[in-house]
Amino acid sequence: MNAALTGYNFGYLDEATKRMIRRALLKAVCIPGHQVPFGAREMPLPYGWGTGGIQVTASVLGPDDVLKVIDQGADDTTNAVSIRRFFNRVAGVATTESTAEATIIQTRHRIPETPLSEGQILVYQVPMPEPLFRLEPRVAESTRLHAMAEYGLMQVKLYEDIARQGEVATSYNHPVMVNHRYLMSPSPIPAFDNPKMHMNAGLQLFGAGREKRIYAVPPYTDVRSLDFEDHPFKPVRAPHACAICGSEESYLDEVITDDQGGRMHVCSDTDYCASRPPV
Amino acid sequence: MYVSVKGGETAIGHAHAWLAEARRGDPALPELTVAQIEEQLALAVDRVMAEGACADRGLAALALKQARGDSTEAAFLLRAYRTTLPRFGYTLPVDTGAMAIQRRISSTYKDLPGGQVLGPTFDYTHRLLDFALAAEGLDPPPPAEAEQGAQRMPQVTEILAQEGLMAPDAPSNAEPPDLTREPLAFPANRALRLQAMARGDEGFLLSLGYSTQRGYGNAHPFVGEIRMGEVSVEIEPPELGFAIDIGDMVVTECQMVNQFVGNAEAPPQFTRGYGLVVGQNERKAMAMALVDRALRAPELGEEATAPAQSPEFVLYHCDNVESTGFVEHLKLPHYVDFQSELEKIRAIRARWFAERTE
């Protein structure tokens, strides 16, 4: 099932397409947090399954790279398995489940618990790159708001949340200001992961295939979650310890164990959890 | 128990095998051939070819077979395939005036040069289930054949234009944008809008076109003409300097004639809504022509208030491969985000109850 495909270029995309995507990536790195339109291609996986991240990964991947793919923090979720197998077939690269060993990590909805080091690339799959889309669905208009750094709409939305229910209502995909200039969607990672983006040693690349946008956070860039002085940003995790490794720092999945209200909590990051001694 | 989320790889393999078995159906029945699909489910093949943006009926038939008859899935298969094809160049504009007509009707003139040709249409059939079709092996008698008219059939809109009644579309030699290479950008010119709709979802365009007739967009359309038949596709290789015919393909073209009240610069006249679809698909060509005209509202100084008049609304949502991807991705795991929603709603509920017990 993992036999390499013949008849396709390394990484599936042809070299001209990869060059086009690399140009968009370079521009994105030069303007942290700014969304760069790119000519996204139809991929053999559906839109919404990570076509943006796959195209970014395909464009930066070399034969010596070691690839890790996670979905919901885990290496063994079906979509992570499917994407990893795709790159194994079309690029034949080495894959790993270890965050530390990977040179490129493609992710959906999580940032690994193990901090990235210099030289590592984290590729995010992004469903909606526009942080303002719920407030301003017209792309022509939101583009103008970014140009003028006019983000009052979002501040008012957060203020209204606090006024109505005492706290900000976003628990994931909480918008961030990048390099004091661009409002950016961190992709639907839990707010718990937002602080990991700040001054991260790794290169963070974001690909939105259906919306045809690429953006980036270069290493050691200021990334601040939007908040107020009197209502500072609060990352949230379930107030429990992992049932497998006992971690009280990691982000947890809540697993239903029976129909009597039984619950257990386990690390969402399977590599982190497995690297720790079991309780 | 926690292992239930493990083993994705094995599960995927088993699911694929089950899918293959389900696709084949009862092995006691003969397997459908791609040629049978191409010949006998011709309109389904044409729809997949148009929405898959790949003018190859054989591949579209194969995609339909592989997709178990799911036209959107089949269009997706074709799209994914076409991305891998090298691009040799661009064809010259096809001349639909020189079409080898299979069908041509006008609802604005009783008779006109070239005449009305009903062609292979459902229009005047009575929709009675034909149980004779359930019995196999009954070939229909051949239809009567008319002399193929050699004359060029002028388009109705050309006839109106001769009298100055049809607003001319501004000719342009500008390179048309290429939706398959560049992301959508706004403002989108008409060439880009038509390109997007030509491969857009038939159902979406049908509903939007319908909405313009029901007051959401103020349409006053007449079918100036619908024509369907083969057109020649030509390219002009730079090293040759003249056009060569690389093949024929069937297209359906609809030109709607719409009222326009005129303004300070332009006298009252008719305006065009245009639809062109690869293959035989009259419903979509007509819907596309309605939406094309609705999208011209700003250019004609009309107030744009309805969804069909909003280029962003129409173009961002007409692509069924994009739409189905984003709608269906909701079935992928979202438990990390849902977990943060759980913690959030528990905290907010705790505050809600605390405030009420104080």
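# Questions on a predicted two-chain model

Biologist: Over how many bridges do β2 and β3 of chain B pair?
Modeller: Further along, B:M228 has B:T252 of β3(B) as its bridge partner. The two strands pair in the antiparallel sense, and the count for β2 and β3 of chain B is 14 bridges.

Biologist: And over how many bridges do β3(B) and β4(B) pair?
Modeller: One place to look is B:V251, which stands opposite B:V278 in β4(B). The sense of the pairing of β3(B) with β4(B) is antiparallel, and the count is 8 bridges.

Biologist: Which strands of this chain B sheet stand at the edges?
Modeller: The sheet is open and has 4 strands in the order β1-β2-β3-β4, with antiparallel pairing. An edge strand has a single partner, so one side of it is left without a neighbour in the sheet. In chain B these strands are β1 (100-105) and β4 (271-278).

Biologist: What is the average twist from one strand to the next in the chain B sheet β1-β2-β3-β4?
Modeller: The strands in question are those of the open sheet in chain B, taken in the order β1-β2-β3-β4. From one strand to the next, the twist averages 20°.

Biologist: Which helix of chain B packs on that sheet?
Modeller: The helix touches β1, β2, β3 and β4 of chain B. Its direction makes about 145° with that of β4(B). The helix spans residues 282-295 of chain B and is α9.

Biologist: Which elements give two or more residues to the side of chain A that touches chain B?
Modeller: The contact involves 67 residues of chain A and 44 residues of chain B. There are 23 residue pairs in polar contact across the interface. The elements of chain A that meet the condition are α3 (78-90), α4 (139-147), β11 (252-256) and β12 (263-267).

Biologist: What area is buried between chain A and chain B?
Modeller: The size of an interface is often given as the accessible area lost when the parts come together. Carbon and sulfur atoms give 58% of the area buried between chain A and chain B. The total between these chains is about 4,600 Å².

Biologist: How many residues apart in sequence are the parts tied together by B:D319 and B:R79?
Modeller: B:D319 forms a salt bridge with B:R79, with the closest N and O atoms 3.0 Å apart. B:D319 lies in the loop between α10 and α11 of chain B, and B:R79 lies in helix α5 of chain B. The pair therefore ties together parts whose separation in sequence is 240 residues.

Biologist: Which residue is joined to B:P187 by a cis peptide bond?
Modeller: Most peptide bonds are trans. B:P187 lies in the loop between α6 (156-162) and α7 (190-198) of chain B. Its cis bond has an omega of about 0°, and the residue joined to B:P187 is B:F186.

Methods. Residues are numbered from 1 along each chain as its sequence is written. Chains are lettered from A and ligands numbered from 1 in the order in which they are written. This is a predicted model: local features need pLDDT of at least 70, side-chain atom pairs count only at pLDDT 80 or more; totals for chains, interfaces and linings use all residues. Side-chain values use heavy atoms; hydrogens and water are left out. Contact means heavy atoms within 4.5 Å. Buried area is the accessible area (1.4 Å probe) that two parts lose on being put together, summed over both. A polar contact is a pair of N or O atoms within 3.5 Å; within protein, one must be able to donate a hydrogen and the other to accept it, and residues adjacent in sequence count only if both atoms are side-chain atoms. Two strands pair if DSSP finds at least two bridges between them. Axes are lines fitted to C-alpha atoms, for helices over the stretch in contact, and angles run from 0 to 180 degrees between N-to-C directions. A salt bridge is a side-chain nitrogen of Lys or Arg within 4 Å of a carboxyl oxygen of Asp or Glu.
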